[in-house]
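Biologist: I am new to this structure. Could we go through it one point at a time?

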Amino acid sequence: MREPRQITATQTMMMITNSMVGVAILALPRIAVELVNSGAILVTFIGLLLVFCSMVIIAKLGVRFPNESLIQSSKTIIGRPLAYLFGFFIFLFFILIVGFITREFAFILSSFLFPDTPMTVLVGVMLIVVAITTRNDITTISYIQFLYFPFIAIPILFLVLLSIPEIDMRLIRPFIGNQTNVFDFMKGSIMIAALPFAHIGMFVLTVLIPHTKNTKHAIRGSILGICISSLLLILIVFAVLGVFGINETKNPIWPVYVLTRMIQLPFELLERLDILFLIIWILSAFTTILSGYLIVIYNGSQLFQLRSHRVLSYIMLPIVFMVALYPKNVIQLYDFIRTIGLYGLFITMLYPILLLLVALIRKKKGSTANETM
Amino acid sequence: MNLWQAFTQKRKRKSQELPEEPMPIKHHKIEPNNIFSYLDAVNTIKEQFNNEHDFRAREIEVFGEIPATLFYLGSLVDKESISKDVIQPLLLAPSEYIDKEKQIENISELIIKKCLYHAEVQIEDQIPSAVTDLLRGNTILLIEGLQNAIIINTKMVDKRSITQPDTEQVIRGPRDGFIESLETNIALLRDRIPITDFKVKPLEVGSLTKSSVCLFYIDGIANQSLIKDVEERLSKIDIDRILDAGYIEQFIQDNPRSPFPQVKNTERPDVAAGNLLEGRVVLMVDGSPFALIVPATFIMFYQSSEDYNERTNMMSVIRFTRLVSIVFSLITPSAYVAVISYHPELIPTAFSVAITSGRAGVPFPAVIEVFVMEAAMEILREATVRMPKQVGGALSIVGVLVVGQAAVMAGFVSPITVVVIAITTIGSFSTPAYSMATGFRMLRFPLLFMTGVLGIYGLVLGLIVIVNHLVSLRSFGVPYFSPISPMNWGGMRDAFIRAPLRWLIDRPEELHVSNKKRIENPKEIPTTNPLGPENQNSGSGGKSS
């Protein structure tokens, strides 16, 4: 049974923003600084520009096939066997991504708050909550994401606002970094575009498009979503770099967390704010993992031709759980994320471009019926 | 015989001993009989009510010669009305009537039109339905030679007077409340909405209680498919009894396992009328003072009818206070436990030291302490509801002294825990809707457990689960959290705050009503100065000029 199409542009925007702004932003400034030192803001911008471009391509593809999911439309474009092959790659890739970001989040929790709690509990509880939530239909999930958006976006702006008195503009300049060349920027921006949150943010659109009110809503929502989330991410990089400078940003694994420890309210109400911001990180981790998990089970249900994505909600749980527990330590985890993420670019960036090109050449188009304008 | 056979044999014997089907309830089965003779009908009814204590059969002679019988149940009828409006005119009816009109079929019409004084009279030609009418407090009049019975509505059951409802008190607003009698309740609503579009649709639910349920809506405002859906759900109810509106609520709600109410109930006619005018459907059951309002959304449960009676800015603040108190009643104990036992670095050092010194002698971890106190509070609250009024004073003394003071002095709990519990309890009492407050009150125990195990992580995850559940709920297809998510700006004016009445132009968007406008043509109400200097002379009236 098809759900009625009722997701609006605002809901699309908030779902994409929630998916992009995950726990990964805790580590984002470090990754940005790594290759291009003080060019971090610029490299983040370029990386997000890449994400923006491929988001537009996915949206264009969605406009051509407004009633079909990616796997359905790829069947008509490149034929059944290839579509299933790539569909299976997408499915596997997102299982890995969701597992790893859940583990990344669990590492953050365990290193700051729960050093003695077993990793299985931290990962398991989060995945169970996510799996329960994906039992709802996609419209309801977009309502849920909508509700959490202000609780994620406003505190992040607040964090930037509180750190403004500490920012030293000299630490940010030069914008293009010291002793960097174009190749560094290319490498760095691809590294940022390969971060798991970018993959999830891009691909959640493929799940949403068949459920948005019409394609206009989908396009407007996706462009707004990527713009707002890019703004938040760049602001965070700016704040961290401005407060710490290059060298101090490089050292901690999660420089944003250190920032939340540093800042203080102008009056004595709470001793430390990092616990409060931890609530925000839990929320943003939840929304990102929820989107990722949704992509997994939605693609899975299309791949195995199931009635609804709900069927897989609990079945995928042990698999993702095992993936999440596979990395032995933080370094190995980040190695995995980097490798898998780079390979993932073939799936999330090149594959949609390929599909769009073939569709343009072969002049394939999906039916536009069943759309409420 | 092997073991398995022995086992099955035993099972069989057992099932023989105890017949699984319960004894069939004796239904009064009367064969439908259209054309009946007077004597047969009288005998059938008399047989039916053989030795009933309150069954009465009064024999009279109409027009001086034709024998007739009046049947009624003495406990259910207004005897004075029967004597004055039924028996008296029948006995006094002159026999000339019958001489003029020899056709015997017309006698029933003749009696209704020329003899009976009573207002509510109808004709029934089936004995079973006549018996049902009798059981509802009507009087049956059977006359020899007639093909049908005359039913006179003489029902009178004692009912209490209209009082202010105890569950929904207001400071400013009407003081009347619904009572158990459905007729009176309809009157209260009709009195408020005197238009023909206000429809009352009667239905019957409950195979044995045959309770009359009424569906109220306003034609031209309420969505037609909503009305149809409510009717369909009501017709699907199959149960022997409907003893309160709560029975109906549990059958028609979308998610029966949810801790949150998806149907709003109210005892106040003004609330029911207000919701009818927004395009919702109201249900009432005979014998219950509660009206059910569907579809219900989350925000309705912390709104009070008083919000609209007072000025906007004051009531916005008060409504927001209510929302905060709902949230407090859910998370205060868990947040306290999370901070005390997991993250004491969150609060300023001086305060932290004070709390720790207060907890110095307490033998348990904070989560056990809070849990025990919460349980004690629940017991106290339940006792307050159930106990006789005369011993109320004793309980409050026990509650205050033992649970509060003595527990702290004994070192059983820390003073700050008592403060936390107090905030929680008061918070849950300030919610206008009891059903919603109960839902949140019960959920704080699982939340407390989650916090006890995982600290603030458990608390946030627990809240996420609760919020996700709330957002995914639907009441008759309306998202439970609308107009917050999915967002609707027009609806937001009446969600967290209460905007001025002249801004509330549209009816709630999520109800998809037929007539969207609450205010048809907004006009500026002039704020002129009638007592200004230019008009001061006209105060003395016509005398001066």
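Biologist: Is B:Phe49 buried or exposed?

Modeller: Buried means under 20% relative accessible area, exposed over 50% and partly exposed in between, with a 1.4 Å probe and protein chains only. The relative accessibility of B:Phe49 is 6%. B:Phe49 therefore counts as buried.

Biologist: What kind of model is this?

Modeller: Residues are numbered from 1 along each chain as its sequence is written, chains are lettered from A and ligands numbered from 1 in the order in which they are written, and side-chain values use heavy atoms, without hydrogens or water. Local features need pLDDT of at least 70 and side-chain atom pairs count only at pLDDT 80 or more, while totals for chains, interfaces and linings use all residues, since this model is predicted.

Biologist: How are the rings of B:Phe49 and B:Phe55 arranged?

Modeller: Over all chains, a search of the whole structure finds 26 aromatic pairs. In this one the ring centres are 4.9 Å apart and the planes make 10 degrees. Rings of Phe, Tyr and Trp (its six-membered ring) pair if their centres lie within 6.5 Å, and planes under 30 degrees apart count as stacked, over 60 as edge-to-face and the rest as tilted. So B:Phe49 and B:Phe55 are stacked.

Biologist: And how are the rings of B:Phe298 and B:Tyr302 arranged?

Modeller: The planes of B:Phe298 and B:Tyr302 stand at 65 degrees, with centres 6.0 Å apart, so this pair is edge-to-face.  B:Phe298 is buried at 6% relative accessibility, and B:Tyr302 is buried at 1%. The arrangement of B:Phe298 and B:Tyr302 is thus edge-to-face.

Biologist: Which residues form one aromatic cluster with B:Phe298 and B:Tyr302?

Modeller: The cluster belongs to chain B. Besides B:Phe298 and B:Tyr302, its members are B:Phe260, B:Phe301, B:Phe440, B:Tyr480 and B:Phe481.

Biologist: Which strands stand at the edges of the sheet in chain B?

Modeller: The open sheet has five strands in the order E1-E2-E4-E5-E3, with antiparallel pairing. Strands E1 (55-62) and E3 (121-124) each have a single partner strand, so one side of each is left without a neighbour in the sheet. Helices (H or I, at least four residues) and strands (E, at least two) are DSSP runs numbered from the N terminus, and two strands pair if DSSP finds at least two bridges between them. The edge strands of chain B are E1 and E3.

Biologist: Which residue stands opposite B:Gln122?

Modeller: E3(B) runs antiparallel to strand E5 (residues 149-153) of chain B, and four bridges join them. In E5(B), the residue opposite B:Gln122 is B:Ile151.

Biologist: Which residues does B:Tyr457 contact, leaving aside neighbours within four places in sequence?

Modeller: Contact means heavy atoms within 4.5 Å. On that basis, the residues in contact with B:Tyr457 are A:Phe105, A:Leu109, A:Phe114, A:Leu122, A:Met126 and A:Ile282.

Biologist: Where does B:Val230 lie?

Modeller: At 0% relative accessibility, B:Val230 counts as buried. Not counting residues up to four places away in sequence, B:Val230 touches B:Leu215, B:Val281, B:Leu283, B:Val294 and B:Phe476. B:Val230 lies in chain B, in helix H8 (residues 224-236).
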